[in-house]
Amino acid sequence: ITRSVEEIYRRMSNGKAWVEIIKMAANINADMIVMGYRAKGRTWKRVLEKTPCSVALAREKDQEFVMT
């Protein structure tokens, strides 16, 4: 991974969550989206289907997120 912590973006916006996530990722030319998910939720599914960058999902029950 070549990015530094300073290049992580967080934003608040109004609208459908999956649309806003994808718009933000496109606006900053994101390499990856990291987001939580619930098994019954649809937001993460739509983001996976529609975004051109990588997506990392973390379950609510996970005590920590580790990516190698």
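## How H1 and H2 pack

In this predicted model, helix H1 (residues 17–27) packs against helix H2 (residues 43–50) at an angle of about 40°, and their axes lie 9 Å apart. The crossing of the two helices is right-handed. On the H1 side, the contact is made by Ala-17, Trp-18, Ile-21 and Ile-22, while H2 brings Thr-43, Arg-46, Val-47 and Lys-50.

An α-helix has 3.6 residues a turn, so residues three or four places apart point the same way.

## The buried residues of H1, and Glu-20

Which residues of H1 are buried? They are Glu-20, Ile-22 and Ala-25, and the elements covering them include E1 and H2. Ile-22 also takes part in the contact with H2.

The side chain of Glu-20 makes a polar contact with the side chain of Ser-13, at 3.4 Å. Setting aside neighbours within four places in sequence, Glu-20 is in contact with Ser-13, Asn-14 and Gly-15. Just after H1, you will find Asn-29 with a positive phi of about 50°.

## The nonpolar core

The largest nonpolar core holds 7 residues: Ala-25, Ala-30, Ile-33, Met-35, Trp-44, Val-47 and Cys-53. Strand E1 (32–37) and H2 each supply at least two residues of this core. Ala-25 is one of the buried residues of H1, and Val-47 belongs to the contact between H1 and H2 as well.

Leaving out residues up to four places away in sequence, Met-35 touches Ile-21, Thr-43, Trp-44, Val-47, Val-55, Ala-56, Leu-57 and Ala-58.

## The chain as a whole

Stepping back, the chain has 2 helices and 2 strands, which run α-β-α-β from the N terminus on. Of its 68 residues, 19% count as buried. Considering contacts between residues at least 6 apart in sequence, 23% join residues at least 24 apart.

Methods: Residues numbered from 1 in each chain as written. Predicted model: local features only at pLDDT ≥ 70, side-chain atom pairs only at ≥ 80, totals over all residues. Heavy atoms only, no water. Helix = DSSP H or I, 4+ residues; strand = E, 2+ residues; numbered from the N terminus. Polar contact = N/O pair within 3.5 Å; in protein donor to acceptor, adjacent residues only side chain to side chain. Contact = heavy atoms within 4.5 Å. Axes fitted to C-alpha atoms, helices over the stretch in contact; angles between N-to-C directions. Left-handed = near helix turned anticlockwise from the far one by under 90°. Core = buried A, V, L, I, M, F, W, Y, C linked by side-chain atoms within 4.5 Å. Buried < 20%, exposed > 50% of the residue type's maximum accessible area, 1.4 Å probe, protein only.
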